[in-house]
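Here's a quick briefing to read alongside the sequence and the 3D view. Take a look at both, then work through the points below.

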Amino acid sequence: MAEFMGMDPAGVQALIRRLEAGKSVLAGARPGLETAIAEAGADWAGPGGVTAMHRAWAFFHDTQADLRWRLEVLTQVLPDSPHELTTVKMPFASQEQAAAAGTRAGTALAETLAAHRTEDTLSSWMKVDSALAAAGLDDTRDPAYAAALLRALDGPESLHTIFGEWMEVHAAGQRNGLRPDSLDKARVSLGALAVAFTTAEASGRLPVGWRENVLTRAEPATLSAIVGLARSSEAFLNEVAVRQFGSSASGSVPLLAGPDWNSALVVRAYTANPGAFQRLLAEHRDVAGQLLRPALVRGTGTGGEFSALLATALDRAFDPRTGAAATRERAWINLINGVGYKGTEMVSGHFLTFKDAPLNLVLAKRLTPYLGELGRGQVHADSPDLEVAPSGLWKALDADVAARFVGALMQDPQTAKKLQADFAAYVQGLDIGKEYPFSSDWVERKEFVQLSAEAGGLSNLLLGGSTYAEFNDDEFIDLVADAALLPVNFILAKIFEDATALGSATIDHQSGEGKALLTDLVKNYLDGWTPDTAEAVADRLITIQMDLLQNSMEEHGQEPLTVWDRDFVEGVFHKRLHPALVNALEARGG
């Protein structure tokens, strides 16, 4: 008979710990008590003392076991429930009752499977189907029931046989993974066995040898069906993913092997378990590159299903609310390295994955919190003496790899626009007004140089990415102008913090005559209307930046820059931007 249960998971865990402490006290006291009773002999006044102690210990132990079992059931039924009062309908009143029912269901399934192996008819298989359905999706979420059911089968080979036979009867020709309609059909029968396996595995109750056997010997279609039909543990799901995405068969050309639904089902499982996906990317350095290769993202033949699921899974895995910050950063580093390696822009590289793909905007959105790390990485690569460096794992990220990764995201014009806007917004928020560029305090000037260098670092990143992105001329010109204006706007923000509103100054230069001067210069270079080299154009761009700065200061009633101040700021612009401008212009060609 089913039981309605309500519990506070955190409170129950605390109670289990207190029961363990009580058991420890009793276990520590028992030897001394037994010795005292033996020494007292007939003089002992409490003949039932040891017996009572044993009973108390057994009560604590049995209560712990029952509570743990109930928590395991709750975890399977409501895996994402908050740590607060939660209710659930328990299929069984006790572990013993659940195990007995599981044994009966497993025995019935084993007997019908044995009969089918003898008869090998459609009729005999339908009895196996019925036994699977009778096992029940709700009951198999009970760890004691699930483990007993599996123990009643004839080893893990029974699982291989059942999955293989089911696919042969109900989904012939889908050995590369079950289609969505076939997966839905499988839930009522095959789903019960998948849930039993994942429930027992997640609770540590799988029969000995089953886990290793299934992970190493099961067909890819069996593994993808298991994780597609039932929520599995992070460890099991990640081991399945490493095998699936590391296989050269993943993303096979549909004409040769049929659509690759195996990969789609594994990624689909991650949309419901983003923490596991984050750990996969963080702990397996090569998986990101394997997962994002064009042959897989664009070659599954699933009608865009795989790439859409992957975008959702990545979005949730990199959500700041998912997992630990350090794990999330490791996942980012591995992903950037997996995409931004040297040669990624070639025909055989990863850039094709990001050509107008749904992944780009998702990754650009989730990258925003790390723009400072990327900007500081660019500065540290060029000027380590400035003491501007990224933190933690970001220190090891190669600046060119980061630029190529940004270039990959820029393969989508909408994403390129978002990156430009996000970079500009970040620069405008760099502790505006905290330090003044021409202060008499050297500490303040140092802080200004470091922050302005960070603004220039983000400009370099945008310009570096532009050398790989497939922009038309207008898009390229717009990006170069915006990138060149980032440090200008930063310095204006510092100067005008006490004098006038930052917003108007910034908007004036991004949409008015200042930007027009920059865009005209780059356009003339691209159109071949000037004999100047890329280096000469870059010099002229920096001169225009300085003129914009000087003019804006005069318009807002500020003291004009002295010769020494102008030389200082121009040096900052030149050092941060000149090499990146030259590279971008030369790569584009005039």
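Thr353 sits in the loop between helix H18 (325-339) and helix H19 (359-367); helices here are DSSP runs of H or I with at least four residues, strands are runs of E with at least two, and both are numbered from the N terminus. This is a predicted model, where local features need pLDDT of at least 70 and side-chain atom pairs count only at pLDDT 80 or more, while totals for chains, interfaces and linings use all residues. Residues are numbered from 1 along each chain as its sequence is written, and side-chain values use heavy atoms, with hydrogens and water left out.

**Around Thr353**
- Thr353 is buried, at a relative accessible area of 0% (buried means under 20%, exposed over 50%, partly exposed in between, with a 1.4 Å probe and protein chains only).
- Leaving aside neighbours within four places in sequence, Thr353 is in contact with Leu292, Arg293, Pro294, Val297, Arg298 and Leu359 (contact means heavy atoms within 4.5 Å).

**Helix H18**
- H18 has 15 residues and reaches 21 Å from its first C-alpha to its last, close to the expected 21 Å at 1.5 Å a residue (the expected span is 1.5 Å times one less than the number of residues).
- Because 11 of its 15 residues are buried, H18 is largely enclosed by the rest of the structure.
- Among the buried ones are Arg328, Glu329, Trp332 and Asn334.
- What do the buried residues of H18 pack against? They pack against helix H14 (274-283), helix H15 (287-291), H17, H19 and H21.

**Aromatic rings**
- The structure holds six aromatic pairs (rings of Phe, Tyr and Trp, the last by its six-membered ring, pair if their centres lie within 6.5 Å; planes under 30 degrees apart count as stacked, over 60 as edge-to-face, the rest as tilted).
- One of them is Phe318 with Trp332, a stacked pair at 4.2 Å centre to centre and 25° between the planes.
- Phe318 lies in the loop between helix H17 (305-317) and H18, and Trp332 in helix H18, so this pair ties together parts 14 residues apart in sequence.
- Phe318 and Trp332 are both buried.
- Trp332 also pairs with Phe405: their ring centres are 6.4 Å apart with planes at 80°, so that pair is edge-to-face.
- This pair links distant parts of the chain, 73 residues apart, with Trp332 in helix H18 and Phe405 in helix H21 (residues 399-409).
- Phe318, Trp332, Tyr370, Trp394 and Phe405 form one aromatic cluster.
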